[in-house]
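The structure is shown below.

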Amino acid sequence: MSRHAPKGQQTKAAIVDAALGLAAQIGLEGLSIGAVAELTQMSKSGVFAHFGSREELQISVVREYHARFEQEVFYPALKSPRGLPRLTAMFANWMKRTSTEIDSGCIYISGASEFDDRPGPVRDALVESVSIWQAAVLRAIEQAKAEGHLRADADARQVGFEIHGLILALHYEARFLRVPGSIDRAHLGFDNILARVAAPDAPAAQGKPAGRRLKTVR
């Protein structure tokens with residue numbers, strides 16, 4: 001938020017920032033006007049004036065999380081060439097963010113657990129955010145096929161499903177079970193997915209020696 005933004009917008013942004021940090025620790029369901037007011041040392045009426053309800057506060061947190069996710073994961077990857085380099089950059093950025101969230105928690109994952117069977121605006125905001133990201137990954141996979149980096153018969157949705165599955169498994173293994181080496185296994189899993197669907201003359205994955213062929217590790 002710019003320092004030149006109206007004071008009301010700056011205050012609201014500061015509240016959302018504090019609420020996002022709190023939600024990462026206790027989940028969206030744990031958010032309340034009172035808890036955020038105490039955290040920001042504001043009155044309950046002051047926090048309420050910016051959002052109008054606990055639900056609007058939760059939705060604002062989801063939207064802010066999504067905006068930061070895009071800034072850290074999606075937009076930097078667009079600097080990489082279309083195809084396998086861009087898909088690999090997306091996963092690398094996603095892994096970098098996920099690695100930091102092993103201790104703090106992921107709003108997408110905790111929110112899905114809290115709101116998977118609870119229809120309403122908060123669930124809708126979560127679904128919209130996750131769907132936008134999944135669509136971006138699917139688009140990158142399709143572009144990799146169009147560039148000839150992935151086999152023409154590769155099932156893009158299956159590849160996207162498996163890549164997303166690696167992130168979910170990593171959170172479970174590293175955050176919940178505290179299994180050592182989980183991050184390395186997630187990276188290896190991504191290499192194995194690409195090795196299965198890569199075209200014979202696919203470029204080396206970003207960060208790997210030039211000319212190196214991807215090999216499935218059994």
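A charge is taken to sit over a ring if NZ of Lys or CZ of Arg is within 6 Å of the ring centre and within 35 degrees of the ring normal. In this predicted model, the charged end of R97 sits over the ring of Y65, 4.7 Å from its centre.

**Aromatic pairs**
- The model holds nine aromatic pairs.
- One of them joins Y65 and Y108 edge-to-face, at 4.8 Å centre to centre and with 80 degrees between the planes.
- Y65 belongs to helix 4 (residues 54-77) and Y108 to helix 6 (residues 107-115), so this pair ties together parts that are 43 residues apart in sequence.
- Both Y65 and Y108 are buried.
- W94 and W133 also form an edge-to-face pair, with 5.2 Å centre to centre and 90 degrees between the planes.
- Here the pair links helix 5 (residues 84-104), which holds W94, to helix 7 (residues 121-146), which holds W133; the two parts are 39 residues apart in sequence.
- W94 counts as buried at 7% relative accessibility, and W133 counts as buried at 5%.
- Ring pairs link Y65, F69, W94, Y108 and W133 into a cluster.

**Positive phi**
- Most residues other than glycine have a negative phi.
- Q41, not a glycine, has a positive phi of about 60 degrees; Q41 lies in the loop between helix 2 (33-40) and helix 3 (44-51).
- Q41 counts as exposed, because its relative accessibility is 77%.
- R178, not a glycine, has a positive phi of about 55 degrees and is found in the loop between helix 8 (156-176) and helix 9 (182-197).

**A156**
- A156 lies in helix 8 and counts as buried at 5% relative accessibility.
- Beyond its neighbours within four places in sequence, A156 is in contact with L138, I141 and E142.

Key. Residues numbered from 1 in each chain as written. Predicted model: local features only at pLDDT ≥ 70, side-chain atom pairs only at ≥ 80, totals over all residues. Heavy atoms only, no water. Helix = DSSP H or I, 4+ residues; strand = E, 2+ residues; numbered from the N terminus. Buried < 20%, exposed > 50% of the residue type's maximum accessible area, 1.4 Å probe, protein only. Contact = heavy atoms within 4.5 Å. Phe/Tyr/Trp six-rings, centres within 6.5 Å; stacked < 30°, edge-to-face > 60°.
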